[in-house]
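Subject: Structure handover

Hello,

Here is the structure I promised you. Please open it alongside this note and follow the residues as you read.

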Amino acid sequence: MKRLFLPVLAATALTSLPALAATKAEVLDTYANIAEAAYGDSLVTARALQAAVDALIANPSAETLDAARAAWVAARVPYQQTEAFRFGNAIVDDWEGKVNAWPLDEGLIDYVDPSYGGATDENAYAGLNVIANPAFTLSGEEIDATEITPELLESTLHEADEIEANVATGYHAIEFLLWGQDLNGTDPGAGNRPWTDYASGDACTNGNCDRRAAYLEAATDLLVSDLEWMTAQWGEAGDGRTTLLSDHDAGIKAILTGMGSLSYGELAGERMKLGLMLNDPEEEHDCFSDNTHMSHYYDGLGIRNVYLGEYERVGGGVVSGPSLSDLVSDIDSSVDTELRESLDNTMTELGLLRTAAETGLSYDMMLARGNARGEAIVMAAVNALVAQTRSIERVVTTLDLDEIGFEGSDSLDNPDAVFQ
């Protein structure tokens, strides 16, 4: 995916700074504590998903498939709030593609509708269908896929030939295996994979039910192990925490880089405005399950969490402490107030989008050409996120930090390029 960068003007030097009620070290400690808690909650909910997948495989039925889907949706709530830790922390950026990469060429994994097509000039493996093929050639090498394991998915298939669309692991591979393709376009409805895709014997539909179950199990097990690793990185001696705390100014910049990049280029641009410009439901983040409205909402909440230094845990309780908001308010309370108000406005608009999706206007319907109401709802959230980013820029200046590059998107920075 092409990445642009939104430059933030170099900060104007401040002649003096007052004594701060919240120190940078305390702010960074709160940030790391929230990261540890949010990834920890993601791990807990992924283990619940793992248990639901095991139950589906052991006893396939409409009920166990529905339970696995519900567990997947629940697992997205804490994970999406961790996306604010991306972009500024290399340990997250280098890892994140294994667990949340999208969009994916689902034909790599399993059967697809004939309208999907197959191999293309851009991706020779878009129709590989690993589940149906226990042996195949990949990058000139003969691959024995008789046994579908986490190692096969991670080391051989994921981003095969360095093609980003070859997503073989993570939440969205699991999502596809639970829902199947959403063939409704911009009409209402999610994927409708039958539970019999996991049945045994003559009840099996679409063939290879045992291998489909093996793939689902391997992908879910890998997700759990990946989240175990990342949660540990934010523990007391973890590399994520120790790197963050080793340079206070760089740590504060990491927080703001994550906030600004997720707010602007990633969420407002790549995940929202781009799909609206293309009127393409394939650009939905959770496109198989029609859960995109919830993913957007919790992405926004994650940005707010790290600025305010507060995170509400899945099982109850709040992790909180000295915050970036405290640090900014100590220097210029008007800048802090502006960003707080921007964050609140964004959450209001994302909340309205969520409510609309939950009450009959699904996110893919909002993307339909000519749907004026849907376009207005999405663009209100996009505009709030862009305005929020401008407020984050002012925080960078207020804290007298060096220039920061926020991730950009053609959809915001160069719309004509989207159609070239």
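This is a predicted model: local features need pLDDT of at least 70, side-chain atom pairs count only at pLDDT 80 or more; totals for chains, interfaces and linings use all residues.

**Salt bridges**

Side chains of opposite charge can pair when their charged atoms come close. This structure holds 23 salt bridges. Three of them are worth a look one by one.

Start with Glu228 and Arg47. Their side chains meet in a salt bridge, with N to O at 3.0 Å. Glu228 belongs to helix α6 (residues 209–233) and Arg47 to helix α1 (residues 24–58), so this pair ties together parts that lie 181 residues apart in sequence. Are these two residues buried or exposed? Glu228 is partly exposed, at 36% relative accessible area. Arg47 is also partly exposed, at 39%.

Next, go to Asp286 and Arg76. The closest N and O atoms of this salt bridge are 2.9 Å apart. Asp286 sits in the loop between α8 (248–278) and α9 (292–308), while Arg76 is in helix α2 (residues 62–81). The pair links distant parts of the chain, 210 residues apart. Here both partners, Asp286 and Arg76, are buried.

Then find Arg212 and Asp110. This salt bridge has an N to O distance of 2.7 Å. Arg212 is in helix α6 and Asp110 is in the loop between α3 (90–100) and β2 (135–138), so the bridge ties together parts 102 residues apart in sequence. Arg212 has a relative accessible area of 0% and is buried because the cut-off for buried is under 20%. Asp110 is buried too, at 2%.

There is also a network of salt bridges. Which residues does it link? They are Glu83, Arg86, Glu96, Glu266, Arg271 and Asp299.

Look at Ser391 in helix α13 (residues 372–398). Ser391 is buried, with a relative accessible area of 2%. Leaving aside residues up to four places away in sequence, Ser391 touches Glu338, Leu339 and Ser342.

Helix α13 also packs with α8. The angle is about 160°, and the axes are 9 Å apart. That angle makes α8 roughly antiparallel to α13. The crossing of α8 past α13 is left-handed. What kinds of residues make up the contact of α8 with α13? They divide into 16 nonpolar, 4 polar and 3 charged.

**Backbone points to check**

Most residues other than glycine have a negative phi, and most peptide bonds are trans.

- Pro103 lies in the loop between α3 and β2.
- Asp161 is in the loop between α4 (150–157) and α5 (171–179). Asp161 is partly exposed, at 44% relative accessible area.
- Asn208 is found in the loop between α5 and α6. With a relative accessible area of 30%, Asn208 is partly exposed.

Best wishes

Definitions and conventions:
Residues are numbered from 1 along each chain as its sequence is written. Side-chain values use heavy atoms; hydrogens and water are left out. A salt bridge is a side-chain nitrogen of Lys or Arg within 4 Å of a carboxyl oxygen of Asp or Glu. Helices (H or I, at least four residues) and strands (E, at least two) are DSSP runs, numbered from the N terminus. Buried means under 20% relative accessible area, exposed over 50%, partly exposed in between (1.4 Å probe, protein chains only). Contact means heavy atoms within 4.5 Å. Axes are lines fitted to C-alpha atoms, for helices over the stretch in contact, and angles run from 0 to 180 degrees between N-to-C directions. Angles under 35 degrees count as roughly parallel, over 145 as roughly antiparallel, 65 to 115 as roughly perpendicular and the rest as oblique. A crossing is left-handed if the near helix is turned anticlockwise from the far one by less than a right angle, and right-handed if clockwise. Ala, Val, Leu, Ile, Met, Phe, Trp, Tyr, Cys and Pro count as nonpolar, Asp, Glu, Lys and Arg as charged, and the others, Gly among them, as polar.
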